[in-house]
Structures are given as structure tokens and as C-alpha cells.
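Open the model in your viewer and keep the sequence panel beside it. The stops below say what to select and what is there.

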Amino acid sequence: MMSETVLQQIYNHLKTNGIDVYAPSQHKGDCTSPYVVIRGGGVVQLLTVSSERPIYTLMFYVPYKRFFELDVFKDKVKEIMKDLYPMVTYGGNESEDYYEESNKSYMKSVEYYGIRRIKYTNYERSVNNGGY
């Protein structure tokens with residue numbers, strides 16, 4: 001049996017805590033209540049040789065007539081996300097508020113970082129260790 005990915009764990013944790021959460025392209029129609037979309041956002045290479053930091057982006061949506069709820073909703077989810085420390089940590093990067101015409105909402109995103117060991121190929125292992 002495969003273990004859950006970090007994205008699945010974030011999804012399940014938010015869902016368990018009463019947050020309406022979706023993977024990319026799952027939510028259909030206009031935004032009628034606050035929800036979160038989670039996605040992988042690439043990887044940042046650390047200065048150390050053996051690890052990297054995957055980026056997890058949480059996108060917060062609220063109906064366009066409820067703009068002032070956007071930061072309140074974001075802060076509520078950020079508080080829930082603290083339970084997942086140290087698996088994921090708040091990255092400090094937050095986007096500006098953005099009006100999303102396609103679903104009549106306001107959106108803001110926040111980045112979180114994970115950490116994982118880089119899995120080397122035999123070639124990379126031999127180069128990093130000065131040969132076999």
C-alpha cells in the first residue's frame with residue numbers, strides 16, 4: 001500500500017478541520033463560499049547537497065461580494081496548517097489579492113515548504129563521493 005503524499009496529507013488535514021478544499025481544476029462554477037485549492041509549486045534546492053524543499057501552494061477563494069473575508073479565511077487556514085509542522089512550514093510568500101473573473105471570486109495564495117532528501121542516481125553518488 002502506498003503512503004499518502006504530502007499534498008494528500010494537507011488535503012485530508014484541511015478537510016478534517018472543516019475546510020472546503022480542492023485539488024486543481026476540481027472546483028466547478030462560481031464561488032459561493034470560501035474554499036482552498038492546493039497544488040505543488042515546484043522545488044527549491046537548498047545549499048546542502050542532500051535535501052531540497054518542495055513548495056506547496058494554497059490558494060484561498062472567497063465570493064467577490066465577501067472580499068473582506070479573504071484575509072480572515074486565510075488566517076484561519078494558516079492556523080490549522082500549524083498542526084502539520086514540521087512536515088510543512090509557512091514560507092512567508094503571500095500573493096496580492098486578485099479578482100478571478102472566471103468564478104466571481106477574490107483569490108490570494110500562500111506558499112508552504114516541505115523538506116525531503118534528494119535520491120541520487122548511481123552516477124551522482126559516485127561523483128559526490130569521489131568515485132566508487
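Which residue in strand 7 does S51 stand opposite? S51 stands opposite R117.

Before going on, some ground rules. This is a predicted model, in which local features need pLDDT of at least 70 and side-chain atom pairs count only at pLDDT 80 or more, while totals for chains, interfaces and linings use all residues. Residues are numbered from 1 along each chain as its sequence is written, and side-chain values use heavy atoms, with hydrogens and water left out. Helices (H or I, at least four residues) and strands (E, at least two) are DSSP runs, numbered from the N terminus.

**Stop 1**

Select residues 51-63, which make up strand 3. Of its 13 residues, 12 are buried (buried means under 20% relative accessible area, exposed over 50%, partly exposed in between, with a 1.4 Å probe and protein chains only).

Q45 stands opposite E52 in strand 3, and V36 stands opposite F60 in strand 3.

Now select residues 21-22, strand 1. Strand 1 and strand 2 pair in the parallel sense over 2 bridges, with V21 opposite V36.

**Stop 2: S105**

Select S105, in strand 6. Is S105 buried or exposed? S105 has a relative accessible area of 0%, so it is buried. Its side chain is joined to that of N103 by a polar contact of 2.6 Å (a pair of N or O atoms within 3.5 Å; within protein, one must be able to donate a hydrogen and the other to accept it, and residues adjacent in sequence count only if both atoms are side-chain atoms). Leaving out residues up to four places away in sequence, S105 touches several others, including C31, Y61 and Y98 (contact means heavy atoms within 4.5 Å).

**Stop 3: helix 1**

Select residues 6-16, helix 1, and highlight I10, H13 and L14, which are buried. Seen down the helix axis, the buried residues fall within an arc of 95 degrees, so they line one face of helix 1 (the arc is that of the directions from the helix axis to the C-beta atoms). Their cover includes strand 1, strand 2, strand 3 and helix 2 (70-81). Just after helix 1, G18 takes a positive phi of about 80 degrees.

**Stop 4: aromatic rings**

How many aromatic pairs are there? The count comes to 8 (rings of Phe, Tyr and Trp, its six-membered ring, pair if their centres lie within 6.5 Å; planes under 30 degrees apart count as stacked, over 60 as edge-to-face and the rest as tilted). Select F60 and F73: their ring centres are 6.1 Å apart and their planes at 90 degrees, so the pair is edge-to-face. The pair links F60 in strand 3 with F73 in helix 2, 13 residues apart. F60 is buried at 0% relative accessibility, and F73 is buried at 9%.

Then select Y90 and Y112, an edge-to-face pair with 5.8 Å centre to centre and 70 degrees between the planes. Y90 is in strand 4 (residues 89-94) and Y112 in strand 6, so the pair ties together parts that are 22 residues apart in sequence. Y90 is partly exposed at 38%, whereas Y112 is buried at 3%.

Finish with Y64, F67, F68, Y99 and Y106, which form one aromatic cluster.

Conventions: Two strands pair if DSSP finds at least two bridges between them.
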